Amino acid sequence: MIEVIREVIRCFVEESPDNRFPENGQPFFDEPLIGYAAADDPLFNDYKRIIGEFHRTPHEVMETAYGTGARAATVISWILPITRPTRESNRRETIYPSPAWARTRYFGEHFNAALRRHVTEWLTGQGYRAAAPQLEASWQEFADTPVGRASTWSERHAAYAAGLGTFSLNDALITPRGIAHRCGSVITDLLLTPSPRPYPHHYYNCLYYREKSCGVCIERCPAGAISHQGHNKDACDRYGHDVVAAAVAEKYGVTQTGCGLCLTKVPCEGGIPAGKPGS
Ligand code: SF4
Ligand code: SF4
């Protein structure tokens, strides 16, 4: 069944017209990475401590969607790698995102929502229960929490639980296809074998945490939102939502965009950086 689901997701990414720039028909995203986490993984309870009590466990999402007593078995998580031409266009920028980057962030996320719906409908069509946490009416985002902007479901944390990558100095997720991506997930009562988490620790793929080197993303950030102490979510949010949006959103035909400069022209852009031998 794991291979069938992989194929359902892969085909939708390959064939959906929603995964295309309207202006030239090129895709927003390359072939996805897909992983599976057990709904009972203790990590999902840890996230209530790490992110906030408001962050839901897979069982809580299923109960909200299907009623008290509904249980989850698996979290299906995916990474949608941003294509090389879009990444290259953003590498050349130093203040605002490139048009292709901004349009991928905006229209590509619409596609990501369509993928969540597609996987949910496919699973329910097979007789399983399924819910996409970010599409649930009960999903909420909070602008001001002790960890900055946060929501009732973190796609990055689900992807980490599913073995798809590790966290980074700039608060993103470095996967085998790099840090420039969007991620999504669907929870189901279909029991699937969890993917291994192959990394020695939860920051391993970031060179700064692995060997105290790199830090290139610090210099890439035009808002000064990254330092050796980590990522200042509020400063990043202010820059993306206020400065960038006011400067380029209308021109690029979007209503919302981050800048993503720290995700391009960095050693982790398109893969896990090698680092020093033996590190
Ligand atoms: S640029 Fe370097 S320090 Fe920044 S997230 Fe990537 S690997 Fe880590
Ligand atoms: S997305 Fe932009 S503002 Fe936010 S940390 Fe990265 S470079 Fe800085």
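Q: How do you know that helix α1 and helix α5 cross?
A: The axes of α1 (residues 2-15) and α5 (residues 99-125) come within 10 Å and cross at roughly 145 degrees. Axes are lines fitted to C-alpha atoms, for helices over the stretch in contact, with angles from 0 to 180 degrees between N-to-C directions. Helices are DSSP runs of H or I with at least four residues, and strands are E runs of at least two, numbered from the N terminus. This is a predicted model, where local features need pLDDT of at least 70 and side-chain atom pairs count only at pLDDT 80 or more, while totals for chains, interfaces and linings use all residues. Side-chain values use heavy atoms without hydrogens or water, residues are numbered from 1 along each chain, and ligands are numbered from 1 as written.

Q: Which residues of α1 meet α5?
A: Contact means heavy atoms within 4.5 Å. V4, I5, V8, I9, F12 and V13 in α1 meet F111, A114, L115, H118, V119, W122 and L123 in α5. By class, this contact has 12 nonpolar, one polar and no charged residues; Ala, Val, Leu, Ile, Met, Phe, Trp, Tyr, Cys and Pro count as nonpolar, Asp, Glu, Lys and Arg as charged, and the others, Gly among them, as polar.

Q: Why is I187 called buried?
A: Buried means under 20% relative accessible area, exposed over 50%, partly exposed in between (1.4 Å probe, protein chains only). I187 has 0%, so I187 is buried. I187 sits in strand β8 (residues 181-188), and the residues in contact with I187, beyond four places in sequence, include P58, V61 and W153.
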